[in-house]
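Here is a friendly briefing to read with the model open beside you. Take each topic in turn and find the named parts as you go.

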Amino acid sequence: MNITVCLKRTPDTETRIQVAGDGVSIDSAGVKKYIVSPYDEMAVEAALRTREALGSGEVTVLSFGDDAVVEQLRAGLAMGADAGILLRGEVTMDGLATAKVLAAELEGRDDALVLLGVKAADDDQQQVGPMVATLLGRPCVTAVSSFQLEGDKAVCLREVEGGMEKVEVPLPAILTITKGTFDPRFASLKGIMAAKRKPLEQKEAQGAESKLTVRGMALPPARPEGRIVGEGADAVPELVRLLREEAKVL
Amino acid sequence: MSFEGVDFYDVDSLLSEEERMVRDTIRQWVEDRVMPIIGEAYIQRRFPKELIPEMGELGMLGANLPEEYGCAELNNVAYGLINQELERGDSGIRSFASVQGSLVMYPIFAFGSEEHRREWLPRLAAGEAVGCFGLTEPDYGSNPAGMITTARKVDGGWVLNGTKMWITNGSMADVAVVWAQTGEQGDAKSIRGFVVPTDTPGFTATDQKGKLSLLASDTSELHMEDVELPDSALMPNTTSGLKHPLLCLTQARYGIAWGAVGSAMACFDEARSYAKERVMFGEPIGAKQIQQVRLANMMTHITQAQLMVLQLGRLKDKGTMTPFQVSMAKRANVSMATDVAREARRLLGGNGILVEYHSMRHMANLESVYTYEGTDDIHALILGQTITGFSAF
Ligand SMILES: Cc1cc2nc3c(=O)[nH]c(=O)nc-3n(C[C@H](O)[C@H](O)[C@H](O)COP(=O)(O)OP(=O)(O)OC[C@H]3O[C@@H](n4cnc5c(N)ncnc54)[C@H](O)[C@@H]3O)c2cc1C
């Protein structure tokens, strides 16, 4: 049983994002480090654990982007994936364009499961997983925090507002993974060395045309400075009032 | 903001993709596993043994030895980067890995029998067994040639007697690589190496009490009283006397030269962020010239040290590195790190003496690192002899 994990190269989540001079993109000079988007990394972990539990099957990591993405595919291979595929092309903010590229590749593969992160750490759109599923005509479960295979079904736990939901889907299916049980492992040093010997196919992406135009990007306004409302027990009523009326957290 | 390291000269661009991945992986591991516990372990004076299995699993132990024996078979630059990152956490953690990899696994690999290799290397690599290296004695530190520990040949084996002091990992070790005199005292050529399971009758270890440095590390004394060993305990390829333990030390010193860069980076990183945040006389102390000079010096010296070990690693990978080059790097970099740590501690003011900050822990640790594996003085004498041809020991 084979699994493909779609992963995206994103700026490290600790990056202090700067808007570029054009006002519609991120200044890449300010990004010191790129990573595998954290939810995608959890998806890789989920795939590896599934393969380990089954004792068979292959895990492929698939990404769409420029040549630099090889670094993130290798990170997936170093964690333990068996093969990588890079679909070379320009990634845009248009989730549908990305989904079409990925679906075109996935169409011809025999994956019982396709896993993605619930969202990318950079654009936060949560579109690509469900769109890939729609394009492929396969069932999709989003925000899966853990799952188990039972025969030809996947039984997934989803986080919903204030609780958990248990969902069953027939395979092949698409799952988008969120926080919960799939804490990504460290790549072992042997894994890192083995990664460069694993197959990594590169080809041109098909049909990545974006219909979406970014009109502007702005950083959130600077947070106002902290305020000291007083000292000791006397200050408590005022503090409670402000927390309730201004901050609205009580 | 997590630890960033120092890379003022774009040294990253001189590293391969795998070397960077190794560095980043160990950096993250140290961030996640070492940093949250190290202060507490230090205060409790304990080596955090719970880290060993994962260090083994990830392949940090004997990482530059062959895959055939369960090791990661990394090149020496990647191996150096592991040391750098581990010592960024704590010199005690790096010491554990150095002893295990360079002083126990390396001699077993290079001088041991195939049986020794098969028996010990996979378990040592996996962290299922711990090793120690016994060379130093109470009366023979810088001058191990004079050692008085003896190995006497008897029918079917050897009998060891003597005391080894300052032995890292000594109390928790499953196996000890012990160096002993097989001839007359002072005959350095007759020194041989033995692979000694620590549960052999007559072998005991006691914890060194009263340390003020390297507190998160097991430092012990080994006592050997009529320790009977089979012939097979002798490492067959230790036929050139003291040269063999010195070859081990070259391996370990190489790693230490990298490790020192890591501890210096940790102190600089802490000092830099503290200088930007700590406000005194109405502005951050980092806006004052004195602290700027401090930070400028630290960064300059770290950058020099970083370039030195990288070239040393490339030479080692080419097979042309000399022990004299290692002496220079061990001496220069550890001395640099002791200075950086002290300056960082001073920049931190009163907070600088607290365990919540890292600089003073590094400062205290580095005094051990300055002394072990050839003191700063001894490496100066080694270089002096290389330069002039005169031995001044
Ligand atoms: C924490 C720690 C861990 C250690 N771990 C190990 C271990 O795992 N295995 C092991 O075998 N050893 C270990 N050692 C021992 C270490 O290698 C020795 O302490 C070191 O070699 C110095 O020996 P010494 O302490 O006897 O000092 P000495 O040799 O007595 O030196 C005292 C002083 O004299 C100076 N000196 C010595 N000779 C000369 C000379 N010819 N000219 C001028 N000055 C000189 C030295 O530089 C030093 O300043 C460890 C030590 C420490 C502190």
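The buried residues of α7(B) are covered by elements that include α3 (76-89), α6 and α8 of chain B. Helices (H or I, at least four residues) and strands (E, at least two) are DSSP runs, numbered from the N terminus. A residue is buried if 20 or more other C-beta atoms lie within 10 Å of its own, exposed if 12 or fewer, and partly exposed in between, with C-beta atoms placed from the backbone.

This is a predicted model, in which local features need pLDDT of at least 70, side-chain atom pairs count only at pLDDT 80 or more, and totals for chains, interfaces and linings use all residues. Residues are numbered from 1 along each chain as its sequence is written, while chains are lettered from A and ligands numbered from 1 in the order in which they are written.

- The expected span of a helix is 1.5 Å times one less than its number of residues.
- The buried residues of α7(B) include Arg294(B), Met298(B), His301(B), Ile302(B) and Lys316(B).
- After α7(B) comes Gly319(B), with a positive phi near 85 degrees.
- Helix α8 (residues 323-347) of chain B passes the length check too: its 25 residues should span 36 Å at 1.5 Å a residue, and its end C-alpha atoms are 36 Å apart.
- Because 18 of its 25 residues are buried, α8(B) is largely enclosed by the rest of the structure.
- Gly349(B), whose phi is positive and near 60 degrees, follows α8(B).

**The nonpolar core**

- The largest nonpolar core has 177 residues, and those touching the most other members are Val5(A), Leu115(A), Val132(A), Leu175(A), Phe194(B) and Ala264(B). Such a core is a set of buried Ala, Val, Leu, Ile, Met, Phe, Trp, Tyr and Cys residues joined through C-beta atoms within 7 Å.
- Helix α6 (residues 243-277) of chain B gives the most to this core, with 17 residues.
- Not counting residues up to four places away in sequence, Ala264(B) touches Ile302(B), Ala305(B), Met336(B), Ala337(B), Val340(B) and Ala341(B).

- Chain A has six helices and eleven strands, and its C-alpha atoms fill a box of roughly 65 × 45 × 40 Å along the principal axes.
- Of the 250 residues in chain A, 38% are buried.
- Twelve residues of chain A are in contact with 17 residues of chain B. Two residues are in contact if their C-beta atoms, placed from the backbone, lie within 7 Å.
- On the chain B side, α1 (17-43) and α2 (52-58) each supply at least two residues, and α1(B) gives the largest share, seven residues.
- That side of chain B has nine nonpolar, four polar and four charged residues. Here Ala, Val, Leu, Ile, Met, Phe, Trp, Tyr, Cys and Pro count as nonpolar, Asp, Glu, Lys and Arg as charged, and the others, Gly among them, as polar.

**Domains and ligand**

- Chain B is divided into domain 1 (11-130), domain 2 (132-233) and domain 3 (243-388), with bounds from an automatic or database domain assignment.
- Where does the ligand lie relative to domain 2 and domain 3 of chain B? Both domains give residues to the shell around the ligand, so it lies between them.
- Around the ligand are 20 residues, of which Leu135(B), Gly141(B), Ser142(B), Thr375(B) and Asp377(B) come nearest. A residue is near a molecule or strand if its C-beta atom, placed from the backbone, lies within 6 Å of it.
- β3(B) gives the most to this shell, with three residues.
- The shell divides into nine nonpolar, nine polar and two charged residues.

- Most residues other than glycine have a negative phi, and most peptide bonds are trans.
- The peptide bond from Leu171(A) to Pro172(A) is cis, with omega near 0 degrees.
- Trp166(B), in strand β3 of chain B, has a positive phi of about 65 degrees although it is not a glycine.
- Glu373(B) also is not a glycine, and its phi is positive at about 60 degrees.
- Is Glu373(B) buried or exposed? Glu373(B) is buried, with 26 other C-beta atoms within 10 Å.
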